[in-house]
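Subject: Structure handover and notes

Dear colleague,

Please find the structure below, followed by my notes on what was found in it.

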Amino acid sequence: MKTPLTQLLQIEHPIIMAPMFLVSNVSMVKAGMQAGIAGCIPALNYRTLPELREAITELKAAKTENGAFGFNLIVNKSNLKFPEQLKVCCELGCDFFITSLGNPKQVIEEAHQNGTLVFCDVVNLEQAKKVERLGCDAVIAVNNQAGGHRGSLSPQKLIEELNEVLSIPVISAGGVGTKVELEEKLNFGAVGVSIGSPFIASEEAGVSNEYKTACVQYGANDIVLTQKISGTPCTVINTPYVQEIGTEQTWLEKLLNKNKWLKKYVKMLRFLKGTNMVTKAATEATYKTVWVAGPTIEYSKAIEPMAKIIERFV
């Protein structure tokens, strides 16, 4: 399947393994590159800059002729590590960046000085026009079927709406669990897809077996939106613990969010608290489990190697 995305990244298949907090790792991306797709890791998955440097060095050594690797950067003010993460990635080099949750201006400017591509997450036309004006190379259209932080528009509506106005490629994110669904997004006008949740139940994923098993045992109907992680609606598996703590902000957070001066600090605190909660759930099995995933876990029937999961898409 040759598309503008395969040409941009010099990959065999128009697929990006989506960056997933705590899930994506070097082993998964290496397996993805060997299968002819691109893989992306959140820079926040590395607690220190030396760890990030080590990951980039290992990925560069493992780079294949028809694969690509990149890093996801959270560019809002909640991520205090962002400037140094960007600096290290640009210094050592990668094929592309994916930016999320903020203004990507600095990433675009610095990445392009090194010839690195920048794809920006967007959920609507307004955001897409802004990042196109800033000079990004493509947009990742996050639809209402995506896992994690998702949009509100259907894949078809979002892809077609963006293509009507934009002059840069549109990559679809969300709602791809099979080859048929991948081809559907391409037929809507996307140049490729970003796939995340189906890869959680991979042998290479570094999360707990309980997390992987949950993605096999639960399905699309078990996914709910919560504001307990970052303040922005995020999809999680509706475990008994999630049901117990609820999915809405506290009354105090709702009150403080109405104040434009305090809003960013409330969001920052929720982001830090939610991140710690997800970290514990991903790495150890406890009663207090909050597992981030999207509806496409519906198609995860077993814990399998990355290569076998990729096969069903290509």
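Rings of Phe, Tyr and Trp (its six-membered ring) are taken to pair if their centres lie within 6.5 Å, and planes under 30 degrees apart count as stacked, those over 60 as edge-to-face and the rest as tilted. On that basis, a search of the whole structure finds 4 aromatic pairs. One of them is formed by Phe 96 and Phe 119, whose ring centres are 5.6 Å apart with planes at 25 degrees, so the pair is stacked. Because Phe 96 belongs to strand β4 and Phe 119 to strand β5, the pair ties together parts that are 23 residues apart in sequence. Phe 96 is buried at 0% relative accessibility, and Phe 119 is likewise buried at 0%, where buried means under 20% relative accessible area, exposed over 50% and partly exposed in between (1.4 Å probe, protein chains only).

Please keep in mind that this is a predicted model, in which local features need pLDDT of at least 70 and side-chain atom pairs count only at pLDDT 80 or more, while totals for chains, interfaces and linings use all residues. Residues are numbered from 1 along each chain as its sequence is written, and side-chain values use heavy atoms, with hydrogens and water left out. Helices (H or I, at least four residues) and strands (E, at least two) are DSSP runs, numbered from the N terminus.

Turning to helix α5 (residues 105–113), its buried residues are Val 107, Ile 108 and Ala 111. They cover an arc of only 95 degrees around the axis, which puts them on the same side of α5; the arc is that of the directions from the helix axis to the C-beta atoms.

Arg 53 is partly exposed at 31% relative accessibility, as is Glu 91 at 49%.

Best regards
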